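Here is a protein model to walk through piece by piece. Have the chain open while you read, and look up each part as it comes along.

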Amino acid sequence: MSEDKTDDIEIELLLQGIFLRYKYDFREYSRASVKRRLKSAMSRLNVATVSGLQEKTLHQPEFFFSLLQYLTVPVTEMFRDPAYFQALREKVLPHLSTYPSLKLWVAGCSTGEEAYSLAILLEEEGLLDRSIIYATDINPVSLKKAEAGIYRLEDIQKYTANYQKAGGKRSLSDYYVADYGAVAFQPLIRKKILFTDHSLATDNVFSETHFISCRNVMIYFEPELQNRAVGLFTESLARQGFLGIGEKESLQFSPHAVRYESVDRGMKIYRKVLERGL
Ligand SMILES: C[S@@+](CC[C@H](N)C(=O)[O-])C[C@H]1O[C@@H](n2cnc3c(N)ncnc32)[C@H](O)[C@@H]1O
């Protein structure tokens with residue numbers, strides 16, 4: 001049997017073991033990406049084989065949580081893809097402003113930058129007061145950072161440029177205080193975001209929402225799991241609610257596509273429509 005095939009068997013067993021032991025389900029994640037991430041974990045954590053990872057994972061929970069940092073990809077930034085936020089400002093928020101109260105969901109929020117960006121956008125459009133943002137992820141380390149709302153000062157230059165490109169109406173510095181090489185977002189923004197653990201692979205819908213943003217998350221999923229995630233979004237969205245999945249992803253091949261009309265083709269923002277016949 002080739003080396004590659006053996007690797008595949010080991011990966012299958014590891015992912016099954018992780019699911020049975022910890023209920024984190026990576027079995028329907030893109031295998032090529034999981035393979036790359038496990039390779040990197042093996043070299044950084046000094047483990048020679050995937051079976052070696054499995055042994056440690058099953059017997060040492062703290063090792064599993066280190067491995068989880070490799071299996072999830074936390075890369076994010078504030079106002080990432082500024083054109084997406086510009087499109088939300090121009091094409092989505094004017095509709096949302098007709099609701100007396102708003103629930104928004106950032107699924108796969110990583111360390112929180114996307115949720116803080118959305119809160120700022122809502123504040124500038126006069127909607128933050130009546131909004132609550134649920135920001136969810138499976139990585140407890142990322143969620144803890146997100147909750148703290150403290151970011152490195154050296155990243156702020158890039159975030160400020162993104163904010164301006166996204167049509168920011170004030171100065172980004174109006175929303176944070178800087179101290180000792182870090183910035184902390186103001187309570188005005190922070191208190192409107194509820195960071196919580198939720199998996200698109202294993203959990204169910206927790207609330208009705210008016211807008212969902214899920215970007216750079218489903219690219220790591222196989223089509224079956226993408227369908228599960230979009231199914232959750234469809235179930236969660238109120239009538240005529242909005243879904244933003246970002247330019248890298250598409251609903252084109254999804255069985256749920258019939259439930260949506262396009263709002264912004266480039267930024268992949270959709271609006272839920274009534275099922276035919278209803
Ligand atoms: C690349 S980050 C994207 C962050 C942000 N949405 C953005 O676009 O900048 C992907 C995030 O998805 C999270 N994630 C992976 N699998 C998930 C799942 N099953 N349910 C919820 N979040 C998940 C990861 O932990 C990671 O924080």
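What follows is a tour of the sheet, the helices beside it, the cores and the ligand's surroundings.

Keep in mind that this is a predicted model.

**The sheet**

Let's begin with the strands. Seven of them make an open sheet with mixed pairing, and their order is β6-β2-β1-β7-β8-β10-β9. From one strand to the next, the twist averages 20 degrees. Which strands stand at the edges? They are β6 (193-197) and β9 (260-264); each has a single partner strand, so one side of each has no neighbour in the sheet.

Now look at β1 (residues 102-107) and β7 (residues 209-213): they pair in the parallel sense, over three bridges.

**Helices across the strands**

| Helix | Lies across | Angle |
|---|---|---|
| α5 (residues 82-96) | β1, β7, β8 (237-244), β9 and β10 (269-272) | about 125 degrees to β9 |
| α7 (residues 140-148) | β2 (131-137) and β6 | about 165 degrees to β6 |

**A look at R271**

R271 sits in strand β10. Is R271 buried or exposed? A residue needs 20 or more other C-beta atoms within 10 Å to count as buried, and R271 has 20 such neighbours inside 10 Å, so it counts as buried. Setting aside neighbours within four places in sequence, R271 is in contact with Q240, F242, Y260, E261 and V263. L67, by contrast, is 204 residues away from R271 along the chain, and their C-alpha atoms are separated by 37 Å.

**The nonpolar cores**

The largest nonpolar core has 58 residues, and the members touching the most others are A115, A119, I133 and A135. Helix α6 (residues 113-124) gives this core its largest share, seven residues.

Zoom in on I133 for a moment. Not counting residues up to four places away in sequence, I133 touches L104, V106, A115, L118, A119, K192, I193 and L194. Another core lies apart from the largest one; it has 13 residues, including L15, Y24, F26 and L38.

**Around the ligand**

Finally, find the ligand. Which of the 21 residues around the ligand come nearest? Those are T72, T76, G108, S110 and N216. Sorted by class, the shell around the ligand holds nine nonpolar, eight polar and four charged residues.

Definitions and conventions: Residues numbered from 1 in each chain as written. Predicted model: local features only at pLDDT ≥ 70, side-chain atom pairs only at ≥ 80, totals over all residues. Near = placed C-beta within 6 Å. Nonpolar A, V, L, I, M, F, W, Y, C, P; charged D, E, K, R; others polar. Core = buried A, V, L, I, M, F, W, Y, C linked by C-beta atoms within 7 Å. Buried ≥ 20, exposed ≤ 12 C-beta atoms within 10 Å, placed from the backbone. Helix = DSSP H or I, 4+ residues; strand = E, 2+ residues; numbered from the N terminus. Contact = placed C-beta atoms within 7 Å. Pairing = 2+ DSSP bridges. Axes fitted to C-alpha atoms, helices over the stretch in contact; angles between N-to-C directions.
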